[in-house]
Amino acid sequence: MTFGPENNELTMEELPSFVSHLECSYTGKIYPADQLHGLSEAGKPLLVRYDLDALGNAISKEDLLTRQPEFWRYREFLPIRKSENIVRLGEVMTPLLPASKLQKELGCGEILIKDEGRLPTGSFKARGLAVAVAMAKELGVTRMAMPTNGNAGAALAAYCSRADIETFVFCPQDTPQVNVQEIAFQGAKTFLANGYINDCGKIVGDGKDIMGWFDVSTLKEPYRIEGKKTMGLELAEQLQWELPDVIFYPTGGGTGLIGMWKAFDELETIGWIGSKRPRMVAVQAEGCAPIVRAFDKGDRHAEPWHDASTIASGIRVPAAIGDFLILDIVRESNGFAVAVSDESILQAQSECATEEGVLLCPEGAATVAALRQELTTGRIKPTERVVLFNCATGLKYEMPSDHQEINLMEGVDYNVIRQS
Ligand SMILES: *Cc1c(COP(=O)(O)O)cnc(C)c1O
């Protein structure tokens with residue numbers, strides 16, 4: 001199959017979207033659909049609401065079986081009204097990989113790794129940004145901007161280049177170099193600022209009037225959540241509509257956690273799943289754990305984290321605008337928030353690579369480290385079936401180099417090779 005606009009015509013009929021309105025996630029105030037929106041008047045994220053009765057009548061689980069293995073198969077659950085606005089780069093369904101050796105070693109229930117590194121631009125940021133860019137196109141946006149720790153910027157750059165939308169991307173100075181390069185190489189005007197992600201967010205916010213760009217920062221527009229929601233829909237479908245006992249999610253801004261929870265609610269409303277929900281575990285790094293601190297204190301909002309530092313750059317988010325949504329979900333699901341050390345992340349990453357042949361990103365490896373830790377504390381029971389999210393390909397991150405040199409001038413010594 002191909003991924004050009006011609007493919008949209010072949011596989012997607014023109015369908016009405018079932019969006020009814022937008023709603024402030026904090027106050028419940030209603031906003032009209034089909035207009036450009038940022039945050040609500042209360043300064044909180046907006047959520048997209050659907051006519052779920054109509055949606056449920058328009059599609060059945062069986063209908064999905066005839067569709068392409070990509071997240072656009074859930075288009076009725078998405079806000080885009082005209083399929084011509086969809087920009088595609090090959091949005092595959094990502095595999096659920098059993099980690100049986102790890103399971104045996106830890107003596108726990110089934111472990112499934114959802115490997116999101118297979119998506120375009122190598123991370124699950126593609127889900128959110130494919131939908132956000134399609135909606136921006138639909139609503140006539142021609143210039144976008146965002147602050148990013150790397151993967152979101154890469155996804156924005158790629159989808160916007162393909163959609164002919166101009167993009168400006170601002171990275172904090174400790175963004176991995178490969179991310180800065182891929183963002184620029186895929187067509188975004190790219191800036192590296194000597195500060196943190198929130199400083200970059202301020203550049204975008206303050207520049208809105210002067211630059212006339214649309215701010216596509218995490219949760220500051222309503223549609224990235226809808227894209228991330230497809231993780232929950234896809235997971236449910238892959239598990240035959242039987243959700244796992246626990247989901248470990250490396251949490252930065254929390255878009256995916258919020259999106260999945262929204263997916264489960266929508267699926268229950270249309271009767272595709274029951275009321276059983278996974279326990280949601282928000283995993284952070286010890287060097288940047290604002291959500292964990294707020295969870296432990298019993299707070300609904302998180303204080304910003306100072307001097308954030310971790311190798312897991314995707315979860316290096318000192319202040320999340322959707323903090324109360326993350327914390328509400330974690331508590332409602334009877335889950336928890338937990339921090340792990342960079343050391344345990346590297347160890348888990350190495351173990352999964354050598355034992356399971358799965359090259360996790362550090363953020364994904366953090367979920368493995370958290371599972372190990374929480375089996376020890378007893379917060380995870382050895383009978384529970386868990387899904388761990390690997391959010392990006394490990395190839396984008398630095399790896400230890402462990403090899404030996406061969407000097408061809410001296411000839412090849414197979415004894416040395418055998419003993420290596
Ligand atoms: C963005 C990102 C995260 C955090 O995702 P949120 O949904 O914003 O919490 C985790 N891991 C990686 C690799 C990321 O790029």
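Here are some questions and answers about the predicted model shown above.

User: How many residues of strand E5 are buried?

Analyst: Strands (E, at least two residues) and helices (H or I, at least four) are DSSP runs, numbered from the N terminus. Buried means under 20% relative accessible area, exposed over 50%, and partly exposed in between, with a 1.4 Å probe and protein chains only. In a regular strand the side chains alternate between the two faces of the sheet. In E5, Ile111, Ile113 and Asp115 are buried on one side and Leu112 and Lys114 on the other, so the count for residues 111-115 is 5 of 5.

User: Which strand pairs with E5 in the parallel sense?

Analyst: Two strands pair if DSSP finds at least two bridges between them. Strand E4 (residues 96-98) pairs with E5 in the antiparallel sense over 3 bridges, and Leu96 has Lys114 as its bridge partner in E5. With 5 bridges to E5, the parallel partner is strand E13 (residues 386-390).

User: Which strands stand at the edges of the open sheet of 4 strands?

Analyst: The strand order in this sheet is E8-E7-E6-E9, and the pairing is parallel. Each edge strand has a single partner strand, so one side of each is left without a neighbour in the sheet; the two are E8 (189-193) and E9 (214-215).

User: Which residue in E8 stands opposite Phe170?

Analyst: Strand E7 (residues 166-172) runs parallel to E8, and 5 bridges join them. Opposite Phe170, you will find Phe191.

User: How do helices H10 and H11 stand to each other, and what is the handedness of their crossing?

Analyst: The axes of H10 (residues 223-238) and H11 (residues 255-269) come within 7 Å and cross at roughly 60°; axes are lines fitted to C-alpha atoms, for helices over the stretch in contact, and angles run from 0 to 180 degrees between N-to-C directions. Angles under 35 degrees count as roughly parallel, over 145 as roughly antiparallel, 65 to 115 as roughly perpendicular and the rest as oblique, so H10 is oblique to H11. A crossing is left-handed if the near helix is turned anticlockwise from the far one by less than a right angle, and right-handed if clockwise. For H10 and H11, the crossing is right-handed.

User: At what angle do H5 and H10 pack?

Analyst: Among the residues of H5 (residues 125-138) that meet H10 are Leu129, Val131 and Met135, and their partners in H10 include Tyr223 and Met231. H5 and H10 are oblique to each other, and H5 passes H10 in a right-handed crossing. Their axes are 7 Å apart, and the angle is about 135°.

User: Is Gly298 buried or exposed?

Analyst: Gly298 is in the loop between helix H12 (290-297) and helix H13 (323-332), and just after H12 it takes a positive phi of about 80°. Its relative accessibility is 54%, so Gly298 counts as exposed.

User: Which residues of H12 are buried?

Analyst: The buried residues of H12 pack against strand E11 (279-285), H13 and strand E12 (336-340). They are Pro290, Ile291, Val292, Ala294 and Phe295.

User: What relative accessible area does Trp241 have?

Analyst: Trp241 lies in the loop between H10 and E10, and has a positive phi of about 65° although it is not a glycine. Gln240, in the loop between H10 and strand E10 (246-250), also has a positive phi, about 55°, and Gln240 is exposed at 64%. Trp241 is buried, with a relative accessible area of 16%.

Definitions and conventions. Residues are numbered from 1 along each chain as its sequence is written. This is a predicted model: local features need pLDDT of at least 70, side-chain atom pairs count only at pLDDT 80 or more; totals for chains, interfaces and linings use all residues. Side-chain values use heavy atoms; hydrogens and water are left out. Contact means heavy atoms within 4.5 Å.
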